[in-house]
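This report describes a single protein chain from its coordinates. The sequence and the structure come first.

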Amino acid sequence: MTTVQRIFTVQTAFPYLEKELSWLSFNERVLQEAADSENPVIERVRFLGIFSNNQDEFFRVRVAGVRRRILIEESRGGGEASRTLLAQINQKVLALQTRFDEIYRQLLLDLARRNIFLVSESQLSDYHGKWLKKHFRDKIRRHIIPVLLGPDTKLDLCLEDGLTYLVAELRKDDQIQYAFIPVPSDKTARFTQLPAEESKNRKTLILLDNIIRHCVDELFNGIVEFDSVRCYSMKLTRDAEYGLSNEIDLSLLEKMSSGLKQRLTAEPVRLVYDREMPQSMLEMLVEQLGHTNYDSLMPGGRYHNFRDFMSFPNPGRKYLENSKLPAISSNQFTRYSTAFEAISAGDILLNYPFHKFAHLTEWLRQAAYDPAVRSIKINIYRVAKDSQVINALTEAVKNGKDVTVVVELQARFDEEANIEWAKLLTDAGVRVSFGVPTLKIHSKLALISRIEEGELVHYAHVGTGNFHEKTAKIYTDYALFTRHPEITKEVEMVFDFIDHPYRRFKFQHLLISPVDNRRKLYSLIDREIQNRLAGKPAGITLKVNNLVDSGLIKRLYDASRNGVKVRLIIRGMCSLVTEVPGVSDNIRAISVVDRFLEHPRVMVFENGGDTRVFITSADWMGRNIDSRIEVGCPIYDPRLKRVILDTLEIQWNDTQKARVLNRAQDNPYVKRGNRRKLRSQLEIYEYLLEMEQALLAK
């Protein structure tokens, strides 16, 4: 450390929670929302979908990583620690699955009390049974081609990652034929509302899986001889990693395309199956798929791919789901004729999803045909399917603008979409860059250059979230718009760094990974320690999605041991352990899980009374600090700084949706005591609404 010797530092051994176990603790908080009877019942069902979607990604990424680690370590004569970790993961996963099943059964009862029924094929009336036969022939059958298991079938290559299958056992005398029926929820709706029969008040829904079970005979009649057929569900989860070819004559685009094909046949890491499945069928699956000791066999219920429950319909009254919060217009934008006039009048901070994302797309739309605009540069990590951002960029080329788009091809699970966007942009005449092959580009930057009074003026966007219309409605994020000459100059330097990573760049204002972010963060923490020792105001408030970087955790322990108060608001993984005597006594941590996904990264340092506030794209993870291009930006405007500090304070005082991140990782809710009920996301919405109304009144 660069600070004086008086500083009390953590020794080499320090408390650290494995990030995979911390991640499961986070997903348990999501499951708590499904169990919370204060939430509308339809929203609770949707939280089951969010939990399931999260769990799928956990296995594809994190469990797959542990599994690879075991194989590598075993080849070197080790692996015991990783095997123990995998066992702990599986134990926690099974416990969460048991809790999931309990909540699901309770929610079916809660729905029934409100005249909403989710029925199986065995509960159908004759009328609904006949209606579904026709519906199956007209709407569903065309999307289903079963895989018949034969002696030459390579089942591990046939089954798609993450897709639910019904394993059909077709019996003819003593002979058994197995068939795998894909449940095509990507082609047709997972939920079908049946026509009203006796009472219009009764709303009846059926899952696609059960429609197929009801009509399974129609798939095999005349093709396979059988006397009886039984169906049981299963789902396979594969390793989401892939290897990129090192062939020097392949472009990054070609390497990524090849890598995505590898993902389709990657090693299985989890098999979820119906616990009612016959043992003989399960043994057949294990043999055919070649499961090893480190693959996870997970008994489950009758249905898989609960992620589709994120879109569970509401056939009942409006009160059964959250009331909508109309997005707020920013009066800093709307009071001016153009976005450029608005930004010239002062920095603007938007807080999604409370503010309208349309302010950003309108800025880009105006830039696309404004004669004064010379160039547009932007990073693309994830964008919406029908992206107005992409549309503005392609239209800008038609108007003679110089447009550069840095497309991150390695944005996990968006690689294929980004490859297609890259092709579309290239065909439109946009200069497309794939950045630095060894570094993911995760920054959220846009830079528009404009001629004003004969001078080139830069306008910049620096954000914590993606340029994505859909996620901007469900993720909380900050977006800063500025023409601050030094900030915009350094944003331009980031784009230069992406093009020329071998050059040396020095940033005075921005925090740039991997250039100087770690060094500057260490320095900011050390300064708080020095201020505390000097009797000056000192304190750190950090809000991130994940805190797992060991170096930064050690530095926070150093701060705590030297008397600096540290407040953490962590949505997901937190490997830092609070409440350890002599190590983290001064550190408190909470996590807020509510109707919107908490996504901003914000850092506040008391700085001896001259508070410094930063927004950043970087979580406190090793990959974000050292192996990605990330940008942190100081907030200089006192008004905007106040807004961030106020909203952080509101969140820290949440008494309804905040959980304590403690040593036990058991997610107790923050105790309200004699404080009023405060649900921070709704409170922040009201705060921003009042702020905008006050601006309008001026």
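The model is predicted, so local features need pLDDT of at least 70 and side-chain atom pairs count only at pLDDT 80 or more, while totals for chains, interfaces and linings use all residues. Residues are numbered from 1 along each chain as its sequence is written, and side-chain values use heavy atoms, with hydrogens and water left out.

**Confidence.** The chain has a mean pLDDT of 89, with 92% of its residues at 70 or more; pLDDT is the predictor's confidence in each residue, from 0 to 100. Residues 1–12 have a pLDDT below 50, and this stretch has 25 contacts in the model beyond near neighbours in sequence. Over residues 242–265 pLDDT also stays under 50, and the model has 40 contacts there beyond four places in sequence. A contact means heavy atoms within 4.5 Å.

**Cavities.** There are 6 cavities of 30 Å³ or more in the structure. A cavity is a set of points, on a 1 Å grid over the protein atoms alone, where a 1.4 Å probe fits but cannot get out, and lining residues have an atom within 4 Å of a point. Grid points are joined across faces, edges and corners, and a volume is the space filled by probe spheres set on the points. The largest cavity holds about 200 Å³ of space. It is lined by 19 residues, of which Ser52, Gln97, Lys235, Arg270 and Val272 are the closest to its centre. The lining consists of 9 nonpolar, 7 polar and 3 charged residues; Ala, Val, Leu, Ile, Met, Phe, Trp, Tyr, Cys and Pro count as nonpolar, Asp, Glu, Lys and Arg as charged, and the others, Gly among them, as polar. At least two lining residues come from each of α2 (41–74), α3 (80–113), β8 (268–274) and β9 (296–300). Helices (H or I, at least four residues) and strands (E, at least two) are DSSP runs, numbered from the N terminus.

**Sheet.** An open sheet of 3 strands has the order β1-β6-β5 and mixed pairing. Its edge strands, β1 (116–119) and β5 (191–193), each pair on one side only; two strands pair if DSSP finds at least two bridges between them. β1 and β6 (residues 203–207) run parallel and are joined by 4 bridges. Phenylalanine 117 is opposite threonine 204 in β6.

| Cis bond | Omega | Loop holding the proline |
|---|---|---|
| Tyrosine 352 to proline 353 | near 0° | between β10 (348–352) and α12 (358–369) |
| Serine 513 to proline 514 | near 0° | between β18 (511–513) and α16 (517–533) |

Glutamate 453, although not a glycine, has a positive phi of about 55°. Glutamate 453 lies in the loop between β15 (445–452) and β16 (455–463).

Conventions. On a 1 Å grid over the protein atoms alone, a cavity is a set of points where a 1.4 Å probe fits but cannot get out, and a pocket is an open set with protein on both sides within 12 Å along at least five of seven lines; lining residues have an atom within 4 Å of a point.
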